[in-house]
Amino acid sequence: MALRKPGLIALFDVDGTLTAPRKGATPQMLEFMKELRKVVTVGVVGGSDLSKISEQLGRTVIDDYDYVFSENGLVAHQDGKLIGMQSLKLFLGEEKLKEFINFTLHYFADLDIPIKRGTFIEFRNGMLNVSPIGRNCSQEERDEFEKYDKVHNIRPKMVSVLREKFAHLNLTFSIGGQISFDVFPRGWDKTYCLRYLDEFPEIHFFGDKTYKGGNDYEIFESERTTGHTVTSPEDTVEKCKALFMS
């Protein structure tokens, strides 16, 4: 590790950056990340919980990277050890949480889309993941909903309604992946993980949803990071080679 550039970390989104959406990383990508880790400190930050990130990057993920930030960093690991955790339930309280969930379920009941499956709201440690089609849909149904959403703006319209209705809760709504959006207190976006990276004056962040409203936007725009927009895992590799390995 002596060759590593001191004070520099490369930080990666998961879906669309290291893997195809909700799919596992290819053996080639995992091998590349091992090589990259020889020259720079490497971290990953995803909106999903640790079990889902492990499905995509491998069961040894917390040991394979220097930092692993699941749920945007609300659950933080460094060198395989848990270094921090925050809870939505404690922060909001049961009454406010229940008010939000009840309203959202009523909205879904009245929403007319081609298909609905199950698990419309997934309660995570630090956020709610809200899916109009339901997270139990197949990959084919995911792909179809993503196309439908691009035409009919199902998620953006729903976010607009919820943002207005629950303005008093100071929540952030972040559209990511193919079928859902995340809901969490303001400031609990991916920039949350930066509090653990004070020793790095140079933070390079790589993500695909870096546009306003995307779940990489805030960390991409942060003064503390140098942001890189990528279009695929292959693009991530090319950009990293040019930046760190040439």
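Predicted model: local features only at pLDDT ≥ 70, side-chain atom pairs only at ≥ 80, totals over all residues.
Biologist: On E3's other pairing, with E4, which residue stands opposite Phe 69?

Modeller: Strand E4 covers residues 75-78, and pairs with E3 in the antiparallel sense over four bridges. The two make a hairpin with four residues between the strands, where Glu 71 takes a positive phi near 50°.

Biologist: Which residues of E3 are buried on each side?

Modeller: In a regular strand, side chains alternate between the two faces of the sheet. For E3 (residues 67-70), both faces are covered. One side has Tyr 67 and Phe 69, and the other has Val 68 and Ser 70.

Biologist: Over to E9: how many of its residues are buried?

Modeller: Buried here means under 20% relative accessible area. Strand E9 spans residues 180-185 and is mostly covered. The count of buried residues is six of six.

Biologist: Which residue in the turn between E8 and E9 has a positive phi?

Modeller: E8 (residues 171-176) runs antiparallel to E9, with six bridges joining them, and Thr 172 stands opposite Phe 184. The two strands form a hairpin with three residues between them. The turn residue with a positive phi, about 65°, is Gly 177.

Biologist: And what stands opposite Phe 181?

Modeller: For that one, turn to strand E7 (residues 128-130), which is joined to E9 by three bridges and runs antiparallel to it. Opposite Phe 181 stands Val 130.

Biologist: Zooming out, what radius of gyration does the protein have?

Modeller: The fold comes to nine helices and eleven strands, and 54% of the 246 residues are buried. A compact globule of 246 residues would have a radius near 18 Å, so the protein agrees with that expectation. Its own value is 18 Å.

Biologist: Last one: how far apart do the centres of the positive and negative side chains lie?

Modeller: There are 32 positive and 37 negative side chains to work with.

Definitions and conventions: Residues numbered from 1 in each chain as written. Heavy atoms only, no water. Rg over C-alpha atoms; globule rule 2.2 N^0.38 Å. Buried < 20%, exposed > 50% of the residue type's maximum accessible area, 1.4 Å probe, protein only. Lys, Arg positive; Asp, Glu negative; His and termini not counted. Charge placed at Lys NZ, Arg CZ, Asp CG, Glu CD. Pairing = 2+ DSSP bridges.
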